[in-house]
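Have the 3D view open as you read.

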Amino acid sequence: MNRGRIVDCHTHMFPADIPARWDWYAARDSCFAELTRESPRSRVREAWATPEEALRAADRAGVERIVMQGWYWRDMDLCRRHNDYMEGVVRAYPGRFAAYASINPVFGEAAVREVERCRDMGFSGVGELGPGGNGYPLDHPGLLEVLETAARLCLPVCFHVGEPVGHAYPGKDRTPIEGFYDIARRFPDLRLILAHMGGGLPFYELLPHVRQAFRNVWYDLAANPLLYDIRAVKAAVRLAGPERVLFGTDFPLTVYPRRRQGQDFSLFIEDIEEHAGLTEAEWELVMGANMRRLLESAGKGQNR
Amino acid sequence: MKTDIHVHLIPPALSPGADVPALGPEALETLCRSGGAERAVIQGWPFRRLEDCQVQNRAILQAIRTRPDFFRGFCTTAPGAGAAALEEAAACLDAGCSGIGELDPARQGFSLEDPDFLKLCALCEDRGRVLCLHTDMTVGREGGGRAVLPADCLRLIEARPGLRLLLPHYGGGLPFYALMPEVARKLKNVWFDAAPEGCILPPQASDCARLCLGADRLLFGSHLPGPVFDAGPCWELPEEWEGIL
């Protein structure tokens with residue numbers, strides 16, 4: 001398979017003072033605390049990586065481009081700070097990083113303004129949004145405003161999606177997945193990226209009317225090894241088609257905790273290469289070409 | 001043996017209450033054989049009234065008695081009828097039915113926590129029989145009533161690991177979650193059928209479901225003589241099911 005052209009559509013990078021002053025941030029944002037707390041009972045943990053460390057790991061694994069998803073902070077000021085940080089990373093390493101905007105749609109007009117500011121700074125999308133973590137339903141008026149704005153600006157929106165069944169884990173989003181079908185029908189031109197394989201939504205694309213509604217929906221593979229058997233990659237490709245599945249890791253989250261801790265892209269890539277059964281053409285699309293296409297067209301919509 | 005696990009035989013008097021046309025056993029067998037089936041299992045229709053279920057069951061028992069080389073049958077019952085529903089199901093199992101179903105909580109107005117429904121589960125467990133339970137699609141479903149979704153079914157499976165379940169119509173999407181190892185471990189007594197219905201599933205559905213589940217968990221079902229969108233050729237029933245039928 002062609003290594004070296006891989007795009008990871010789903011990573012998280014934080015300003016250096018966030019891990020350094022974790023207690024302070026955790027006290028301000030319980031969702032952040034839940035997701036990033038180191039637990040002696042769980043081997044899964046949120047690792048931290050600087051851009052330089054991320055690039056070293058990416059170079060080892062053949063990852064050409066790293067897409068930083070924002071964080072679903074409850075506080076809009078933290079969202080703005082995080083976005084400023086990511087903008088600096090994108091500027092410091094041309095061609096290696098791209099950024100999606102942190103926002104909390106509950107803030108309505110302020111969130112919309114932040115989406116527009118991020119677009120002007122060259123961001124490539126909006127997200128990762130966490131409806132469960134931020135406590136809003138998928139028909140929240142603030143969210144609908146944000147989605148309308150994103151559709152107008154041609155910015156894809158990435159949602160954190162949880163499965164309606166299976167084991168509990170920190171940050172599992174209990175938002176009913178049916179709501180994404182409603183969003184897709186309400187905003188047919190909006191490009192949606194449903195993280196973590198869309199909580200199982202690819203299966204419902206076997207229904208022709210669902211498939212039609214989801215023609216602008218992509219599924220990412222972030223954290224997949226913590227959730228599914230590796231056969232799930234092929235299943236998603238069969239169900240949604242290879243054009244709408246995106247490689248992502250949730251880096252620097254440890255997704256093979258029994259094998260390696262932190263700062264690694266390569267284990268998941270190797271697992272896909274050796275065990276997912278993708279054809280060469282499917283590999284090209286899933287591991288890079290699909291996300292490159294989304295990055296190229298991002299932000300080319302209309303201003304108000 | 002190539003077996004169609006999901007066909008319906010609706011007596012003419014009950015036809016207006018079902019979504020599939022009335023067809024006699026002979027015509028139904030001809031139709032099934034034209035799709036490659038060497039044997040077919042008649043699923044009872046989930047009528048809301050016990051009286052209708054009883055008429056349906058008499059027709060099923062008659063068919064399996066007169067055409068024993070081709071037909072097997074499940075019996076239907078109306079859980080809302082309480083003790084009489086249980087009595088009807090037990091009598092049908094005694095008379096030769098292989099399982100209970102197809103039951104449909106949305107159509108028949110019961111929940112998976114309903115004590116009368118749980119007694120039917122216990123009956124199946126005691127007799128080593130299968131319960132066929134209609135499951136709705138989490139996304140994109142049609143029709144009204146309170147849907148029973150894969151997550152609801154999984155709660156039932158967790159509560160009753162010894163219950164043998166057949167979840168028709170791709171189990172409402174549950175097969176996908178068999179890719180989660182902890183879910184797969186819970187599905188040892190659960191099978192799915194590939195019977196299409198209302199919002200039709202295209203033929204690649206069975207390939208995808210097998211990829212998720214493994215080959216022996218997906219049974220062929222046509223939903224004949226209902227509206228069928230390319231159910232495809234019938235396939236062999238897993239060996240394990242020969243003892244069940």
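**Aromatic rings and their partners**

The charged end of Arg185(A) is placed over the ring of Tyr181(A), 4.0 Å from the ring centre. Please keep in mind that this is a predicted model.

**A pair between helix α3 and a loop**

- Phe32(A) and Trp73(A) make a tilted aromatic pair, with 4.8 Å from centre to centre and 35° between the planes.
- This pair links distant parts of the chain: Phe32(A) belongs to helix α3 (residues 30-36) of chain A, while Trp73(A) is in the loop between β2 (63-68) and α5 (76-92) of chain A, 41 residues apart.
- Phe32(A) counts as buried because its relative accessibility is 0%.
- Trp73(A) also has 0% relative accessibility, so Trp73(A) counts as buried.

**A pair involving helix α13**

- The ring centres of Phe247(A) and Phe268(A) are 5.7 Å apart and their planes are at 40°, so this pair is tilted.
- Phe247(A) is found in the loop between β8 (245-246) and α13 (266-275) of chain A, and Phe268(A) in helix α13 of chain A, so the pair ties together parts 21 residues apart in sequence.
- Both Phe247(A) and Phe268(A) are buried.

**An aromatic cluster and a charge over a ring**

- Which residues form one aromatic cluster? They are Phe14(A), Trp22(A), Trp24(A), Tyr25(A), Phe32(A), Trp48(A), Trp71(A), Tyr72(A) and Trp73(A).
- Trp24(A), one of the cluster residues, has Arg21(A) lying over its face, at 4.7 Å from the ring centre.

Methods:
Residues are numbered from 1 along each chain as its sequence is written. Chains are lettered from A and ligands numbered from 1 in the order in which they are written. This is a predicted model: local features need pLDDT of at least 70, side-chain atom pairs count only at pLDDT 80 or more; totals for chains, interfaces and linings use all residues. Side-chain values use heavy atoms; hydrogens and water are left out. Rings of Phe, Tyr and Trp (its six-membered ring) pair if their centres lie within 6.5 Å; planes under 30 degrees apart count as stacked, over 60 as edge-to-face and the rest as tilted. Helices (H or I, at least four residues) and strands (E, at least two) are DSSP runs, numbered from the N terminus. Buried means under 20% relative accessible area, exposed over 50%, partly exposed in between (1.4 Å probe, protein chains only). A charge sits over a ring if NZ of Lys or CZ of Arg is within 6 Å of the ring centre and within 35 degrees of the ring normal.
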